[in-house]
Amino acid sequence: MNTLTKAGTAVAATATLALGVTAGTAGAAEVGLPAIKAAAHQAIVARVGALNTAIGVVDQSSFMGADQATLVNGMHTDITGLTQLDQTIQADTTVATAKADAQKVFTEFRIYALVLPVVHMVRASDLVTAKLVPDFNTVETKLQAAITKQDEPNLEHFLDDMKTKVGAAQQAVSPLPAQLEALTPVSYNANHAVLQPARETLETARTDLRAAREDAHDIVAGLKK
Amino acid sequence: MVALAVLAAGCGGGAAKNVAAVSPTSTSAVATAAPTTTSAPTATPAAAAATTPPELSTIDSDMTSLDGSLAATDQARTQSDG
């Protein structure tokens with residue numbers, strides 16, 4: 001037996017030993033455990049990244065008032081929880097435990113399905129009530145003065161419609177932040193459509209505000225004639 | 001999931017259409033039209049200023065931001081169930 005053959009035999013023997021040790025200590029059922037851990041880690045890292053991005057958006061949205069701190073604190077809590085869960089999963093020694101813990105990334109956090117949509121919908125609601133509605137009200141006042149000054153009563157119906165649309169948007173959206181912030185992963189687990197009513201309300205409000213904006217532009221165009 | 005995708009697509013389309021229809025073009029058109037309008041005998045500088053409340057530009061900007069928040073909402077919801 002030459003040197004190369006001896007070396008090859010030694011490698012084969014070592015590989016057989018390693019496989020034997022793996023099978024002997026962890027068992028066939030634990031095959032795949034590293035893959036479960038890696039997938040869970042990847043899922044957690046992605047969610048933590050998305051949460052940090054959302055925190056940045058909320059931090060830049062001072063018009064959100066008290067909702068700003070509420071949401072940011074909630075997201076920091078989720079980041080802490082996900083980080084701890086990742087440590088737990090990486091320490092798991094059986095496939096069954098790792099799978100069960102990995103499922104918690106979904107069932108106990110619902111970052112994509114619930115947390116991030118809630119953050120963005122609360123921001124949208126606050127944008128409507130704290131910025132858009134006040135600005136529309138200011139525009140209404142100014143356009144009313146201009147209509148009166150230029151004696152253009154035929155433009156009044158645009159203004160009336162504008163006020164109606166803005167009022168409807170404000171009334172519909174005002175309760176949303178409190179309702180949305182009260183939702184938890186348990187809420188979502190019980191009803192996967194739990195966000196749909198709020199999303200539809202915001203869609204209606206956006207449609208109303210677009211119409212109000214068109215009214216304003218129509219008034220401006222009418223006044224310029 | 002299909003409904004959400006359609007909703008998201010609808011929002012995106014609406015947002016794009018909205019942005020295209022809104023300020024940069026129409027505001028600049030109004031701004032450039034002002035001197036001509038001002039020179040017309042029926043308009044005055046005060047009237048021109050009164051007819052274009054500056055808050056309208058802010059509203060246009062905030063509407064775009066609203067579109068962004070709702071698009072982000074739909075994107076997260078369609079990305080994963082968890």
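B:Ser69 touches A:His120, A:Arg123 and A:Ala124, where residues up to four places away in sequence are not counted and contact means heavy atoms within 4.5 Å. The model is predicted: local features need pLDDT of at least 70, side-chain atom pairs count only at pLDDT 80 or more, and totals for chains, interfaces and linings use all residues. Residues are numbered from 1 along each chain as its sequence is written, chains are lettered from A and ligands numbered from 1 in the order in which they are written, and side-chain values use heavy atoms, with hydrogens and water left out.

- B:Ser69 is part of helix 4 of chain B; helices (H or I, at least four residues) and strands (E, at least two) are DSSP runs, numbered from the N terminus.
- B:Ser69 counts as buried because its relative accessibility is 3%; buried means under 20% relative accessible area, exposed over 50%, and partly exposed in between (1.4 Å probe, protein chains only).
- The side chains of B:Ser69 and A:Arg123 make a polar contact of 2.8 Å.
- A polar contact is a pair of N or O atoms within 3.5 Å; within protein, one must be able to donate a hydrogen and the other to accept it, and residues adjacent in sequence count only if both atoms are side-chain atoms.

**The interface of chain B and chain A**

- In total, 38 residues of chain B are in contact with 42 residues of chain A.
- The size of an interface is often given as the accessible area lost when the parts come together.
- Here the buried area is about 3500 Å², and carbon and sulfur atoms give 60% of it; buried area is the accessible area (1.4 Å probe) that two parts lose on being put together, summed over both.
- Seven salt bridges are found across this interface; a salt bridge is a side-chain nitrogen of Lys or Arg within 4 Å of a carboxyl oxygen of Asp or Glu.
- B:Glu55 and A:Lys142 are joined through their side chains by a salt bridge, with 3.1 Å from N to O.
- Between chain B and chain A, twelve residue pairs are in polar contact, with both residues at pLDDT 80 or more.
- On the side of chain B that touches chain A, at least two residues come from each of helix 1 (2–21), helix 2 (23–39), helix 3 (45–51) and helix 4 (55–79) of chain B.
- Helix 4 of chain B gives the most to that side, with 18 residues.
- The side of chain B that touches chain A has 19 nonpolar, twelve polar and seven charged residues.
- In this classification, Ala, Val, Leu, Ile, Met, Phe, Trp, Tyr, Cys and Pro count as nonpolar, Asp, Glu, Lys and Arg as charged, and the others, Gly among them, as polar.
- A:Arg199 lies in helix 9 (residues 196–224) of chain A, and A:Arg199 counts as buried because its relative accessibility is 1%.
- The side chain of A:Arg199 is joined to that of B:Asp74 by a polar contact of 2.7 Å.

**Chain B as a whole**

- Chain B has four helices and zero strands, and its elements run α-α-α-α from the N terminus on.
- Of the 82 residues in chain B, 35% are buried.
- Chain B exposes about 4100 Å², of which carbon and sulfur atoms supply 70%; accessible areas come from the Shrake-Rupley method with a 1.4 Å probe, and for residues only the protein chains shown count as cover.

**Positive phi values in chain A**

- Most residues other than glycine have a negative phi, and most peptide bonds are trans.
- A:Arg110, which is not glycine, has a positive phi near 50 degrees.
- A:Arg110 is placed in the loop between helix 4 (95–107) and helix 5 (111–150) of chain A, and A:Arg110 is buried, with a relative accessible area of 7%.
- A:Asp151 is not a glycine either, and its phi is positive at about 50 degrees.
- A:Asp151 belongs to the loop between helix 5 and helix 6 (156–173) of chain A, and A:Asp151 counts as exposed, at 59% relative accessibility.

**Separations within chain A**

- A:Val118 lies in helix 5 of chain A and is buried, with a relative accessible area of 7%.
- In sequence, A:Val118 and A:Leu180 are 62 residues apart, and their C-alpha atoms are 5.9 Å apart in space.
- Apart from neighbours within four places in sequence, A:Val118 is in contact with A:Leu71, A:Leu180, A:Glu181 and A:Leu195.
- A:Ala43 is found in helix 2 (residues 33–59) of chain A, and A:Ala43 counts as buried at 17% relative accessibility.
- A:Ala43 and A:Arg123 are 80 residues apart along the chain, and 25 Å separates their C-alpha atoms.
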